[in-house]
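Here are some notes to go with your first look at this model. Keep the view open and follow along point by point.

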Amino acid sequence: MFFCSEAYVLNKEKIGEKDLLLELLTPSGKILSIAKGAQKSKRRFVNVLEEFNFIYAHFRKKGQEEIPILEVADLKYLPENLRKDYSKFLLFSYINEVLSQVSYPKLEVEYFFWIKEFLKLVNELSLESTFKVKALEILKSYFEWNFMGFLGWKPQLDYCVSCYRVIQRLYYFSIPLGGILCINCKDGESFLLDQGVIELLRKFIKIPINLKEFLSMLTFSEVKTLIELGEKYVSYFLSYKGKSLRILKEALSNGKIS
Ligand SMILES: [Zn+2]
């Protein structure tokens with residue numbers, strides 16, 4: 001059986017001396033595929049099977065249980081700046097690690113194209129050095145919040161998650177309940193959140209978004225809360241265990257970003 005698909009290269013791993021095992025994200029989910037002879041034959045797959053590339057892949061599959069063989073791959077989009085810019089590279093290493101570890105059975109098509117648009121945007125975005133750490137933190141948080149949305153954990157920000165009343169003032173946020181609580185329903189695990197942060201988060205998770213414009217209008221204190229809350233939210237729901245996040249955060253916090 002033959003089939004074709006657009007695919008995003010999440011990972012590649014050497015098998016023996018000749019072959020590569022690829023982990024690919026496609027519009028119909030993640031798949032593993034073997035590229036025979038890809039370590040040796042540079043001609044067939046020259047620069048194509050690299051992490052962060054979007055390819056158009058032609059597969060051949062024998063039995064139901066067999067891993068599909070990658071016969072031919074054409075390059076669709078090569079994010080050159082991610083390879084030249086270390087901080088962008090670290091950001092997407094983290095994203096790829098999350099995508100690789102976490103399963104997302106729903107919304108594959110929309111999800112795939114959202115990742116593609118986001119990667120293109122980050123690749124093409126020119127970031128002034130003075131603003132770069134903040135921009136990268138925001139981009140990371142933007143990915144995290146929206147990724148949670150795709151997994152079905154989009155925070156509920158329109159009404160109290162307990163009594164369903166619309167909240168006028170005094171918003172409490174509960175991570176375990178995944179949304180806001182009113183003053184009557186607040187519990188020991190919820191905490192008061194500034195209305196400005198709630199409004200910012202509403203905009204943040206409403207895609208598509210003009211990220212360039214968004215990046216320029218944020219104030220640091222608002223965005224700091226949003227970033228910290230996002231991290232807690234992600235770590236509460238996801239069982240992500242990777243080293244890329246630590247490396248990215250270290251680079252961001254000690255300013256080793258160029
Ligand atoms: Zn309530």
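1. A quick definition before we start: two strands pair if DSSP finds at least two bridges between them. With that in hand, look at tyrosine 172, whose bridge partner in β7 is leucine 181. Bear in mind throughout that this is a predicted model.

2. That bridge belongs to the pairing of β6 with β7, where three bridges join strands that run antiparallel. Zoom out and you get an open sheet of three strands, ordered β7-β6-β8, with antiparallel pairing. The edges are taken by β7 (179-181) and β8 (191-193); each has a single partner strand, so one side of each has no neighbour in the sheet. From one strand to the next, the twist averages 50 degrees.

3. Staying with leucine 181, which residue is 5.8 Å from it, C-alpha to C-alpha, and 20 residues away in sequence? That is valine 161, which sits in the loop between α5 and β6. Setting aside neighbours within four places in sequence, valine 161 is in contact with Gln156, Ser174, Leu177, Gly178, Gly179, Ile180 and Leu181.

4. Have a look at its backbone: phi is positive, about 65 degrees, although tyrosine 164 is not a glycine. This residue counts as exposed because it has 11 C-beta neighbours inside 10 Å.

5. Phenylalanine 52 has a positive phi too, about 80 degrees, and it is not a glycine either. You'll find phenylalanine 52 in the loop between α1 (42-45) and β4 (54-60). With 21 other C-beta atoms within 10 Å, phenylalanine 52 is buried.

6. Now for the helices. The axes of α5 (residues 132-150) and α8 (residues 220-237) come within 9 Å and cross at roughly 40 degrees, so the two helices are oblique to each other. The crossing of α5 past α8 is left-handed. On the α5 side the contact uses Lys134, Glu137, Ile138, Ser141, Glu144, Trp145 and Met148. These meet Phe220, Val223, Leu226, Ile227, Gly230, Tyr233, Val234 and Phe237 in α8. By type, the residues of this contact are 10 nonpolar, two polar and three charged.

7. While you're on α5, pick out tyrosine 142, which lies in that helix. Tyrosine 142 counts as buried because it has 23 C-beta neighbours inside 10 Å. Apart from neighbours within four places in sequence, it is in contact with Phe204 and Leu211. How far is tyrosine 142 from tyrosine 240 in sequence and in space? They are 98 residues apart in sequence and 17 Å apart in space, C-alpha to C-alpha.

8. Last stop, back towards the start of the chain. Strands β2 (residues 19-26) and β3 (residues 29-35) run antiparallel and are joined by seven bridges. They form a hairpin with two residues between them.

Key:
Residues are numbered from 1 along each chain as its sequence is written. This is a predicted model: local features need pLDDT of at least 70, side-chain atom pairs count only at pLDDT 80 or more; totals for chains, interfaces and linings use all residues. Axes are lines fitted to C-alpha atoms, for helices over the stretch in contact, and angles run from 0 to 180 degrees between N-to-C directions. Helices (H or I, at least four residues) and strands (E, at least two) are DSSP runs, numbered from the N terminus. Angles under 35 degrees count as roughly parallel, over 145 as roughly antiparallel, 65 to 115 as roughly perpendicular and the rest as oblique. A crossing is left-handed if the near helix is turned anticlockwise from the far one by less than a right angle, and right-handed if clockwise. Two residues are in contact if their C-beta atoms, placed from the backbone, lie within 7 Å. Ala, Val, Leu, Ile, Met, Phe, Trp, Tyr, Cys and Pro count as nonpolar, Asp, Glu, Lys and Arg as charged, and the others, Gly among them, as polar. A residue is buried if 20 or more other C-beta atoms lie within 10 Å of its own, exposed if 12 or fewer, and partly exposed in between; C-beta atoms are placed from the backbone.
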